[in-house]
There are 2 protein chains.
Amino acid sequence: MVEDSLQRFFADAKLRAVAVNATYLGLWEALERATAGGKRSRPRLVMLAYRQLGGTDFSSAAELAASYELLHSALLIHDDVIDRDFVRRGIPNVSGHYRSRALRAGEPPAAADHAGVSAGVLAGDLALSSAYRLLRSIEAPASVRQRLNDILDDAIFSSVGGEVLDIEFSRTPDMPSLEDITRTAHQKTSVYSFEAPLQAGAILAAAPEPVVTALTAFGRYAGIAYQIADDVLGVFGNESRTGKTSWGDLREGKRTALLSYAATRPEWTRIATLVGSQDMTAADAEYVRSVLVSCGAKNYAITLATENALLAVMHLESDGVPDALRRTLERMLFSVISDLSSR
Amino acid sequence: MVEDSLQRFFADAKLRAVAVNATYLGLWEALERATAGGKRSRPRLVMLAYRQLGGTDFSSAAELAASYELLHSALLIHDDVIDRDFVRRGIPNVSGHYRSRALRAGEPPAAADHAGVSAGVLAGDLALSSAYRLLRSIEAPASVRQRLNDILDDAIFSSVGGEVLDIEFSRTPDMPSLEDITRTAHQKTSVYSFEAPLQAGAILAAAPEPVVTALTAFGRYAGIAYQIADDVLGVFGNESRTGKTSWGDLREGKRTALLSYAATRPEWTRIATLVGSQDMTAADAEYVRSVLVSCGAKNYAITLATENALLAVMHLESDGVPDALRRTLERMLFSVISDLSSR
């Protein structure tokens with residue numbers, strides 16, 4: 001159903017774009033391709049909460065779910081502009097597509113980069129506006145619509161705040177504290193990826209307020225747990241499963257719970273200059289990994305992820321959260337955590 | 001009242017931002033400064049239409065007006081990111097502010113540029129989201145709110161479409177046709193600057209449909225007239241009044257009605273290589289101006305602006321548009337046009 005919503009939305013947008021001009025159609029197609037590659041984890045949370053809390057208007061729920069997918073696209077596309085990345089999920093992103101096109105047309109590299117960045121800025125704007133637009137196809141009482149809009153606003157507000165801090169940290173050589181790292185990841189990613197979709201799905205289903213609160217709290221801690229798990233997998237995971245090179249995060253010096261803990265250990269001096277080094281080799285990465293294990297950072301991060309997952313689940317044990325919903329969310333979360341321990 | 005709305009909005013946003021982190025507060029302050037510099041022409045059109053069409057809830061109208069000012073900020077900030085401009089209205093823009101800060105902190109130029117661009121992308125996103133958020137403070141029936149949201153959506157849709165084409169034209173050496181130039185300027189600027197604010201103000205005032213239609217048509221042609229006038233002033237205007245150097249547009253080779261006409265004249269060969277040249281001197285600019293006069297381009301552009309202004313005004317002569325509103329809009333428009341003839 002979510003795919004249908006997205007497809008309908010893009011079909012309509014492309015029709016309107018082509019009426020403006022043919023070049024504009026191309027930008028919408030690029031946005032559609034960028035959106036097609038997602039794993040739909042946010043829509044899945046919206047639909048899950050909605051269905052299990054007794055919602056019956058699945059067509060409205062699908063519009064809500066699609067709105068979070070477009071928000072996800074907007075944030076990824078602008079993130080890539082900020083990080084000057086031209087590839088996402090192994091294929092050219094919006095900027096990469098436009099850059100390649102300009103290069104093929106014989107433009108010099110700087111002009112081609114610029115064509116790419118311009119397209120990325122504009123496609124992200126379209127996606128952001130589309131997230132709001134999709135909310136308006138929802139059939140619901142005015143008070144519910146108002147809350148859904150507020151949740152979307154707050155999610156954007158929080159993500160941008162987290163991104164600002166993330167950029168700030170990446171520009172200072174010091175390793176931020178664990179608390180700063182966790183809070184930044186929460187603001188940048190968890191709010192819009194976990195809290196907001198669950199909250200919005202529950203509110204559209206007219207769930208009682210304590211259930212909405214319980215799901216929001218679940219989303220908060222689950223988001224932190226996922227983020228830490230993701231960081232551990234980014235270093236110790238299997239390339240073919242994560243879709244990233246297994247030392248990209250290390251080479252980039254990405255600020256993670258793993259590294260923040262390691263930076264407090266005496267062993268840190270052995271790897272401090274390797275982490276964040278552009279010339280990192282596979283052998284360097286292997287060495288860094290072994291130190292992250294021996295200094296206890298890996299275990300620490302896994303324990304922290306597990307603790308947050310347990311906290312998340314605890315919040316689901318409140319009155320009114322249906323058993324089936326609780327069990328599904330628990331299963332989703334623990335499949336990620338148990339995956340960690342096998343690394 | 002619009003200033004009060006904006007001030008309240010930013011005060012609330014800054015409070016919420018500081019709760020996220022201190023760095024985030026800085027970004028909101030930068031957005032507030034960027035928004036403070038505007039001439040408020042879009043809010044003025046909203047308030048004018050609303051008041052003259054019998055609206056009485058000025059606090060809601062002010063929120064609507066503030067929404068268009070934030071949209072204006074969003075588009076300018078992202079436009080500057082795309083154009084790699086770090087200055088706007090003679091002072092550092094959001095990106096310029098962050099770039100200077102990074103330079104003062106001792107970062108290398110490329111890193112400082114990047115800090116600037118990142119802040120610009122994020123501040124524009126906040127402004128875009130804020131435009132939607134402000135619409136929700138409006139007290140109005142659900143159907144009116146729905147339409148106000150649709151108008152905002154369509155304005156963003158159109159602006160991005162115009163920007164896409166504008167970028168496309170700036171990357172090809174050929175001068176686009178007059179029709180292409182006019183249509184692009186309409187999509188990029190007139191829709192959100194003229195049509196949408198008038199339309200939205202009228203709809204919030206519950207004006208009859210024919211009046212909304214008449215104002216929309218006025219906005220369309222007035223926008224084209226203003227755009228051409230602006231282009232003429234950009235070349236022949238007084239620096240201290242326009243706030244731009246009087247040959248910035250010529251050096252940039254900005255695609256305007258003026259140049260599009262000139263490109264069809266035999267005299268064009270005399271100035272074709274000067275226009276768009278980075279090394280243009282004051283003397284070169286003076287020479288280009290004299291050719292634009294002698295080949296008839298200046299007169300042509302002034303006539304075209306005047307014709308569009310007349311068309312615009314004609315649309316106000318429909319039943320139901322109050323005399324006072326018609327006279328005010330006429331006066332606003334013709335003060336710009338008559339200014340042209342004195343150049």
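This report walks through a predicted model of two protein chains, from the overall arrangement down to single residues.

## How the two chains are arranged

Let's start with the pair as a whole.

The contact between the chains takes 47 residues of chain B and 47 residues of chain A. About 4,400 Å² is buried between them, and carbon and sulfur atoms give 59% of that area. On the chain B side, B:R136, B:F157 and B:R171 supply 17% of the area buried against chain A, more than any other three residues. Of the interface residues of chain B, 100% are also interface residues in chain A, so the copies meet through the same surface.

## A close look at one cross-chain contact

B:R84 sits in the loop between α4 (58–83) and β1 (87–88) of chain B. Its phi is positive, about 55 degrees, although the residue is not a glycine. For background, most residues other than glycine have a negative phi. B:R84 counts as partly exposed, at 48% relative accessibility.

## Two domains in chain A

Chain A is divided into domain 1 (1–37 + 58–138) and domain 2 (139–342). Taken over C-alpha atoms, the centres of these two domains of chain A are separated by 25 Å. Domain 1 brings 17 residues to the contact and domain 2 brings 20 residues.

The area buried between domain 1 and domain 2 of chain A is about 1,600 Å², with 67% given by carbon and sulfur atoms.

## The largest nonpolar core

The largest nonpolar core has 226 residues, and A:L292 and B:L292 touch the most other members. Domain 1 and domain 2 of chain A both give residues to this core, so it lies between them. As general context, nonpolar side chains in soluble globular proteins tend to be buried together.

Around A:L292, leaving aside neighbours within four places in sequence, the contacts include A:V235, A:F236, A:L250, A:L258 and A:L259. A:A262, A:I271, A:A297 and A:K298 are also in contact with A:L292.

## Helix α5 and its ends

Helix α5 of chain A spans residues 94–104, and its buried residues are A:V94, A:S95, A:G96, A:Y98 and A:A102. They pack against α2 (22–36), α4 (58–83), β2 (91–92) and α6 (109–135) of chain A.

Both ends of α5(A) have something to show. Just after the helix, A:G106 takes a positive phi of about 90 degrees.

## Helix α8 of chain B

Helix α8 of chain B (residues 178–204) holds B:G201. This glycine counts as buried, at 0% relative accessibility. Which residues is B:G201 in contact with, beyond neighbours within four places in sequence? They are B:V46, B:A49, B:Y50 and B:L64. B:G201 and B:Y50 are 151 residues apart in sequence, yet their C-alpha atoms are 4.6 Å apart in space.

B:Q199 is found in helix α8 of chain B too. B:Q199 is buried, with a relative accessible area of 18%. Again setting aside neighbours within four places in sequence, B:Q199 is in contact with B:I151, B:V212 and B:T216.

## A buried arginine with positive phi

Back in chain A, A:R40 is placed in the loop between α2 and α3 (41–52). Its phi is near 65 degrees, a positive value in a residue other than glycine. Is A:R40 buried or exposed? A:R40 is buried, with a relative accessible area of 12%.

Note on methods: Residues are numbered from 1 along each chain as its sequence is written. Chains are lettered from A and ligands numbered from 1 in the order in which they are written. This is a predicted model: local features need pLDDT of at least 70, side-chain atom pairs count only at pLDDT 80 or more; totals for chains, interfaces and linings use all residues. Side-chain values use heavy atoms; hydrogens and water are left out. Contact means heavy atoms within 4.5 Å. Buried means under 20% relative accessible area, exposed over 50%, partly exposed in between (1.4 Å probe, protein chains only). Helices (H or I, at least four residues) and strands (E, at least two) are DSSP runs, numbered from the N terminus. A nonpolar core is a set of buried Ala, Val, Leu, Ile, Met, Phe, Trp, Tyr and Cys residues joined through side-chain atoms within 4.5 Å. Domain bounds come from an automatic or database domain assignment. Buried area is the accessible area (1.4 Å probe) that two parts lose on being put together, summed over both.
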